[in-house]
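The following exercises are meant to be worked through with the sequence and the 3D view side by side. Try each task before reading its solution.

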Amino acid sequence: DIAKLIINQEIILDDRLTAFDEDLFRKVANINRKVSYGNNNFNLALNIDDKEIFRNGDFNVIISVYDQNTPAEKALNVAKSDIVCCVNDWFMKDDSLRREFEQFVKTKKFFKLHYDSATGTRKIALEKFGDQNTKRIQDIIRRFEAKFKDTPFVSANQVLSPAEISGTTLTNRFNNVIEKHLDEIYKKNHLASGYANSNEALRNSTSDAQTSFDNSLTAAEMQVDSYIETFGNSITVDDVVKHFLKPPFGWKDISTLDILVHLAKKNKRKFEWRNDSIDLKTFVDKAIRTNERSAIVIKSIETIGSELIKETRRAFREIFNLDLIEDTDQTVLFNEMKKKLTTLLEYYQPLSDDYYGKEPFGKQFNDFVKIINKMLEIRDQKNTGREKYQKPGLKNIGEGRIDELAPFVPEDGVKCPRRGWFMFSFSGAGHGVINSVFR
């Protein structure tokens with residue numbers, strides 16, 4: 001009686017596809033939703049014919065079971081980013097296996113509909129059919145695994161014959177196809193392999209003060225720099241990151257940010273956040289937050305000529321009696337100037353704190369400290385603003401003060417020339433040159 005009822009049990013396509021997914025394919029294929037590739041993770045979308053299993057993936061895997069189309073036909077009709085596992089190529093020809101699977105699906109559905117309400121001998125009989133069905137699916141799985149080696153795939157609109165796929169088990173073969181597919185879809189993913197792939201690594205890359213004399217661009221940096229040029233050298237970080245997440249790149253967002261950091265270190269790019277220039281540390285602090293990326297604009301850096309850089313070193317020495325590093329790199333020079341000024345500030349800030357308002361010469365210390373602080377606040381090497389340095393009154397400070405303050409000159413040899421910071425007005429050649437670079 002129960003056997004006849006099971007034979008006559010109505011099943012629809014969704015019953016078949018659900019059973020194929022839950023009881024057969026994913027029991028043996030060990031599919032992970034997240035797939036690691038290069039330095040990034042990609043989400044896999046999965047369909048069994050037209051039934052969605054995993055949605056919204058970076059690439060789509062279609063297990064073709066009841067579809068009548070050949071692999072060659074499939075290759076013409078799916079997106080390049082899709083993988084098609086053509087089980088139908090042999091499953092629809094194996095009448096014996098397909099009949100066994102149909103019987104399994106009917107028994108499973110009948111058991112689900114009637115078991116809870118059954119009692120007595122009917123319930124015992126249903127349990128017996130349930131045990132038989134468990135054995136049936138185990139046999140189907142064994143047969144399915146043995147036949148899977150004959151399964152062709154479609155990857156990047158090309159048919160892969162079974163002979164082109166390596167691996168001895170179903171899971172190995174399936175994963176190898178995914179790897180081969182991602183190699184084709186994300187051909188340029190490897191270009192970002194040497195860059196940061198975590199927030200911590202990005203911060204370490206940014207804080208690395210090691211100076212490189214090679215400012216040539218890597219292949220990844222050239223790709224990003226060229227893309228920025230396409231948009232007139234002004235584009236948001238959000239737009240750049242999203243572009244390089246797509247094929248053929250598939251770069252992790254953090255890696256793209258690190259590439260931007262390297263472009264900035266090589267004097268190719270600078271950053272503005274809501275129209276204000278920002279340094280690399282501020283850039284990273286904001287860029288790792290996705291909601292801030294659209295507010296950060298990438299700009300080009302205006303190059304400063306070598307003669308002006310040479311004059312800057314001369315003027316800096318004339319004004320501060322300090323020598324700058326012999327380097328033609330404007331960013332190296334800019335950072336060296338800030339380092340020297342920081343040293344001066346660390347020495348004179350305590351003197352300003354101790355003597356301003358208490359001794360007549362305290363005002364000179366205080367005025368000098370204010371100027372150094374304003375200079376250290378500047379982030380843009382080409383930002384005009386002479387008024388920041390022409391502090392009213394400084395140019396008229398008496399020379400006699402320099403002698404009165406001689407005891408306070410640092411012991412390490414950092415000295416102020418007679419017409420140094422107490423006469424500090426950045427007038428003449430010194431003002432023009434320093435103002436051209438350190439701004």
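**Exercise 1: The surroundings of Phe101**

Leaving aside neighbours within four places in sequence, Phe101 is in contact with Arg16, Ala19, Phe20, Leu24, Tyr66, Phe91 and Ile140. The model is a predicted one. Task: find out how many residues the largest nonpolar core has, and which of them have the most contacts inside it.

Solution. Begin with Phe101, which, together with Phe20, Ile63 and Phe144, is one of the residues with the most contacts inside the largest nonpolar core, a set of 47 residues. Next, ask where this core draws its largest share, and the helix to note is H2, which supplies seven residues. Finally, look apart from this core, where another one of 31 residues is found, with Ala196, Ala220, Ile278 and Leu280 among them. As background, nonpolar side chains in soluble globular proteins tend to be buried together.

**Exercise 2: Two helices**

Task: determine at what angle helix H2 and helix H7 pack, and which residues of the two helices meet.

Solution. First locate H2 at residues 13-29 and H7 at residues 170-185; their axes are 8 Å apart and form an angle of about 75 degrees. Angles from 65 to 115 degrees count as roughly perpendicular, and H2 and H7 are therefore roughly perpendicular to each other. Then turn to the residues themselves, where Phe25, Val28 and Ala29 of H2 meet Leu170, Thr171 and Phe174 of H7.

**Exercise 3: Thr236 and Val297**

Task: decide whether Thr236 is buried or exposed, and then work out which residues Val297 contacts beyond its neighbours within four places in sequence.

Solution. Start with Thr236 in strand E8, residues 234-236. Its relative accessible area is 17%, and because buried means under 20%, Thr236 is buried. The side chain of Thr236 is joined to that of Asp239 by a polar contact of 3.1 Å, and, not counting residues up to four places away in sequence, Thr236 touches Arg293, Ser294, Ile296, Val297 and Ile298.

With a relative accessible area of 23%, Val297 is partly exposed. Beyond its neighbours within four places in sequence, Val297 is in contact with Ser234, Ile235, Thr236, Lys270, Phe271 and Glu272. As for Glu272, its C-alpha atom is separated from that of Val297 by 5.2 Å, although the two residues are 25 residues apart along the chain.

How values were computed. Residues numbered from 1 in each chain as written. Predicted model: local features only at pLDDT ≥ 70, side-chain atom pairs only at ≥ 80, totals over all residues. Heavy atoms only, no water. Axes fitted to C-alpha atoms, helices over the stretch in contact; angles between N-to-C directions. Helix = DSSP H or I, 4+ residues; strand = E, 2+ residues; numbered from the N terminus. Parallel < 35°, antiparallel > 145°, perpendicular 65-115°, else oblique. Contact = heavy atoms within 4.5 Å. Buried < 20%, exposed > 50% of the residue type's maximum accessible area, 1.4 Å probe, protein only. Core = buried A, V, L, I, M, F, W, Y, C linked by side-chain atoms within 4.5 Å. Polar contact = N/O pair within 3.5 Å; in protein donor to acceptor, adjacent residues only side chain to side chain.
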